[in-house]
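Here is my note for your review. Please read it with the model open.

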Amino acid sequence: MTPAVSCLGDAATVVLAAAAPLEKVRLTHGFAAAWRDGLLAPDVPAPPPDRPARPDRPELKLPRDMPKRGRGGSAQNRIALLHALAHIELNAIDLAWDIVARFAPLGLPRGFTDDWVQVADDEARHFRMLETRLNALGSSYGELPAHDGLWQAATETAHDLAARLAVVPMVLEARGLDVTPDTVRRLRDFGDGESADLLQTIHDEEIGHVAAGRRWFVHLCAERGAEPVALWQELVGRHFRGGLKRPFNVASRRLAGFGPEYYEPITPEIDRRAESR
């Protein structure tokens, strides 16, 4: 059963405190449905924890210590790919609930909370899809190591919603739009149409997540009297240390309302030269 909580903030805290991935998924679906049905008050009585609970497995490593994934079509390589994506989606569930609990008290319109509860619900479904596919391939989430750098973006931007939106949906999730089409093509070439279809579904739904990030970022800019492109570039330069990488999926980014005027001017020149060769 989903715990009986009366407000959104308590629901978010319960999800963030759940260590077992499938329990986190179950709670997310239950609380998202309760929010849509008007059964949760919008109150957030306390800030969320600084870090969500995590299961004993997978072993978490620094990004630099992670084993390299092969790009071939072996079952082992495909399992490693799907496991890495499942880990991203698990973190994405927590990132969405953290946005809800940390920033909903800022007095934003109801649509802000609606969007990020829906994002959490989507990410939970994505994790479940990937876990089911891993099971079909004879594996499961937790059987391989995963890197522990994904929550860094949340910690870095915990003080400022504009920074959180600039980095998480508009850099990290947008990067997913960039790399997924090539991954889908390779999976089809390897004869794994089921995994390819799954990733295509995730890609298509992530467009809406990037769009939500951009929409509320522009809303905040209007409130602050800031120019969106300039502020996004400033915040990314200050809070995202990974650097923007080509190639960009311009078509999917445009569907999210996220045009090249944001990211092209701050893409390193060396990347432009490499892409032209």
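1. Ground rules. This is a predicted model, where local features need pLDDT of at least 70, side-chain atom pairs count only at pLDDT 80 or more, and totals for chains, interfaces and linings use all residues. Residues are numbered from 1 along each chain as its sequence is written, and side-chain values use heavy atoms, with hydrogens and water left out.

2. Aromatic pairs. Rings of Phe, Tyr and Trp (its six-membered ring) pair if their centres lie within 6.5 Å; planes under 30 degrees apart are stacked, over 60 edge-to-face, and the rest tilted. The count by this rule is eight aromatic pairs. One of them is F112 with W216: the ring centres are 5.6 Å apart and the planes stand at 90°, so this pair is edge-to-face. F112 sits in helix 4 (residues 110-136) and W216 in helix 7 (residues 193-224), so the pair links distant parts of the chain, 104 residues apart. Helices here are DSSP runs (H or I, at least four residues), numbered from the N terminus.

3. Burial of that pair. Buried means under 20% relative accessible area, exposed over 50%, and partly exposed in between (1.4 Å probe, protein chains only). F112 has 1% relative accessibility, so it counts as buried. W216 is buried too, at 9%.

4. A second pair. W232 and F258 are also edge-to-face, with 5.4 Å centre to centre and 80° between the planes. W232 belongs to helix 8 (residues 228-239), while F258 is in the loop between helix 9 (250-255) and helix 10 (260-263); the pair therefore ties together parts 26 residues apart in sequence. Both W232 and F258 are buried.

5. The ring cluster. Ring pairs join W232, F248, F258, Y262 and Y263 into a cluster. R253 lies over the face of Y263, 4.3 Å from the ring centre. The rule for such a charge: NZ of Lys or CZ of Arg within 6 Å of the ring centre and within 35 degrees of the ring normal.

6. Helix 8. Which residues of helix 8 are buried? They are P228, V229, L231, W232, L235, V236 and H239.

How values were computed
Helix = DSSP H or I, 4+ residues; strand = E, 2+ residues; numbered from the N terminus.
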